[in-house]
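Reader: I am new to this structure. Please take me through a close look at one part of the surface, and then go on to what lies elsewhere.

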Amino acid sequence: MIGWVNSSVESFIRDKFGDDVWNDVVKAAGVGERGWVSSCPYPDSETYKLVTTASSLLGVTPAQALEAFGNYFVEYVCKQGYDKLLQSLGSNIAEFLQSLNNLHLHLTMSFPSMSAPAFKCTAVGPESLELHYYSNRPALGPIVVGVLQGLAERYWDVGGGRLGVQLLRGRDDGSEDHEVFLVTYPYQEVLRSWDEATAPKHSFTLNPDTFYNIFPFHILLDKQCCVLQTGAALARLFPEMQQGTYLGDHFQLRHPYTSLEYDNILSEIRNVYLLKSTTTGLEIKGQMIPVAVPRHPGGGTATGGTTACPHMASLTAAEGLLFMGSVRLSGLDDMQHHQLFLSDIPLHDLNRDFVLLAEQRQAEAQLKERFEALSLELKQANQNLSDMTQWLEEERHRSDKLLYQMLPPQVATCLKHGARSPASEHAEATILFSDIVGFTEISSRSSPLEVCALLDELYHQFDTAIEDYPQLYKVETIGDAYMVVANVTTRCDNHADLLLEFAVRMHEVARNVRSSLGEPVSIRVGMHTGPVVAGVVGKKMPRFCLFGDTVNTASRMESHGLAGQIHISEACYDCIRDKSSFVIRERGNISVKGKGMMRTYLITPAEQDANLTNSRTLSRPAHLLSEPELRFRYTNNAANRSLSFSSLSGGMELGPTSWEEQSNSESGKETP
């Protein structure tokens with residue numbers, strides 16, 4: 001089918017059901033993504049796919065969808081500028097339907113690839129008629145029903161269900177090679193005397209020589225449809241078409257859909273006829289008229305070498321047919337192709353003007369077709385641009401998300417705009433360090449790949465957990481050390497509480513990770529609160545770093561901590577707003593390398609879990625605790641590791657430390 005038909009299907013679905021439904025149909029059918037050019041032919045299968053897919057999505061049968069489309073098609077044709085043309089087709093329903101054939105043949109000049117249907121009215125009466133529908137495409141009968149109903153509403157004033165359409169016979173039941181519909185309507189007096197079966201016969205009295213020249217494209221046939229006479233132009237173009245030869249040997253009957261037999265032609269006498277040469281493809285459009293052909297026992301040849309019809313009054317007459325035609329030409333190129341000239345077209349024939357106008361119209365049609373093709377290309381380009389823009393936007397979001405995992409959003413945004421991010425001072429921030437207990441031994445007894453897998457799994461668990469705390473920011477990881485800060489990238493008043501809660505969570509998830517030795521991972525955590533300076537260091541692979549003694553002290557809290565414990569400084573303890581939410585034990589005064597004596601506190605995650613059950617809080621000094629005297633001995637394995645935090649602690653190197661401590665529960669003092 002031509003693209004114009006597919007465009008009407010698209011318009012129908014968009015107007016009646018919305019753009020989303022059309023997009024679903026296109027996606028499901030797999031056709032129509034790039035649109036159509038009106039005059040270009042497309043496979044019928046594409047149109048059928050659109051109809052069947054749309055009917056499936058809308059929950060109706062294909063026949064119901066086609067009938068609804070046929071009703072809409074009348075509206076669509078009017079929107080395309082054919083309203084006045086339709087109004088002028090006939091004064092009543094029978095004339096209108098009979099004239100549709102001429103309209104379709106006219107449209108084939110604009111759309112050469114169009115394979116038009118044909119219609120014939122029989123048994124015409126004041127209240128009903130039989131409409132014969134011929135088409136080389138099956139299963140499109142429901143469209144005819146919808147079109148008739150649409151026409152009845154708009155032109156015949158028999159809307160509101162007063163026009164009835166019923167399928168009498170068709171190809172499905174094998175009774176006909178086409179569809180026959182019974183069309184009923186309110187009584188119309190003008191159709192009472194309609195008689196399409198017979199037509200008045202005319203006496204063939206015009207001088208043959210005159211007739212021969214005035215109508216150069218006429219053909220006179222006998223009752224067997226054999227040639228008796230041809231016009232001057234046909235005699236020149238087809239010298240082989242001699243008297244007595246069968247018309248079907250020279251021309252194919254393209255319209256109406258019937259055979260070249262006398263009785264069949266009489267039944268289609270109100271139809272327009274289209275003959276196409278079997279050798280050159282020249283088309284002649286005209287009308288068949290039953291005439292009385294004078295008998296001539298000896299025959300004869302008229303001037304010009306063509307067989308002339310004798311006209312002596314003494315001869316008897318026989319039944320015959322006269323085809324009064326005019327050549328169909330799309331333009332001057334078509335005329336030259338068939339070796340025709342304007343002089344071959346009689347002066348009274350409007351084809352002279354039409355050929356010249358067609359040349360101009362063909363140029364306009366080519367411009368229109370090119371415009372439609374460019375519009376489709378532009379539409380596709382815009383769609384590609386939209387898809388590319390959406391893809392780029394998604395990629396930008398992904399890259400931003402990855403960038404924001406490496407740098408704080410406000411810092412990353414500043415760097416993206418080509419500006420330098422100035423360092424910022426923060427009067428109070430809480431910093432957390434953690435490391436794996438016995439990491440040196442684990443590393444010595446595992447392969448590098450196993451160590452990498454262990455750290456990846458552990459940090460993956462930590463990273464997943466920190467997503468529940470948007471106020472916290474993961475600074476970096478170095479070896480088995482994990483560093484987090486609060487109240488720097490995001491303002492947070494209860495920063496110590498949140499970071500302590502996250503530290504408890506770290507212990508929980510660490511217990512679910514096992515080393516290559518098959519043992520659960522144990523970590524220790526240190527926290528400290530104080531002023532810091534935050535900024536971006538470097539141009540290539542820039543890093544967000546924290547500077548100040550607070551960083552160094554937080555690292556000392558971790559290195560002086562205990563396995564499975566959270567070790568916090570007194571400054572961090574003082575910043576905890578809701579101490580009742582945690583089980584806090586005072587550790588007392590301990591000697592911290594580079595810091596001297598410091599009062600610190602311990603939180604045991606296991607006891608913290610119990611506190612969530614019984615809601616008990618222990619936040620008293622160590623010498624007031626009811627538990628037995630607390631004694632422990634700890635040796636830090638940092639001497640066996642090569643970890644440096646110089647870039648995080650303002651140039652203060654954290655060297656390996658080995659120390660022993662003993663706690664006296666009675667005095668609350670510690671001896672280094």
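Author: Phe-17, Leu-57, Leu-58 and Val-60 make a nonpolar surface patch of about 310 Å². Such a patch is made of residues with over 30% relative accessible area and no salt bridge, with nonpolar side chains (Val, Leu, Ile, Met, Phe, Trp, Tyr) joined within 5 Å and like charges within 9 Å. A salt bridge is a side-chain nitrogen of Lys or Arg within 4 Å of a carboxyl oxygen of Asp or Glu. Accessible areas come from the Shrake-Rupley method with a 1.4 Å probe, and for residues only the protein chains shown count as cover.

The model is predicted: local features need pLDDT of at least 70 and side-chain atom pairs pLDDT 80 or more, while totals for chains, interfaces and linings use all residues. Residues are numbered from 1 along each chain as its sequence is written, and side-chain values use heavy atoms, leaving out hydrogens and water.

One of the patch residues, Leu-57, is found in helix α3 (residues 44-58); helices are DSSP runs of H or I with at least four residues, numbered from the N terminus. Leu-57 is partly exposed, because its relative accessible area is 46%, where buried means under 20%, exposed over 50% and partly exposed in between.

Leu-458 is placed in helix α14 (residues 448-466). With a relative accessible area of 1%, Leu-458 is buried. Leaving aside residues up to four places away in sequence, Leu-458 touches Ile-436, Ala-510, Val-513 and Val-521, contact meaning heavy atoms within 4.5 Å. Arg-511 lies 53 residues from Leu-458 along the chain, and their C-alpha atoms are separated by 9.7 Å.

Methods. Helix = DSSP H or I, 4+ residues; strand = E, 2+ residues; numbered from the N terminus. Buried < 20%, exposed > 50% of the residue type's maximum accessible area, 1.4 Å probe, protein only.
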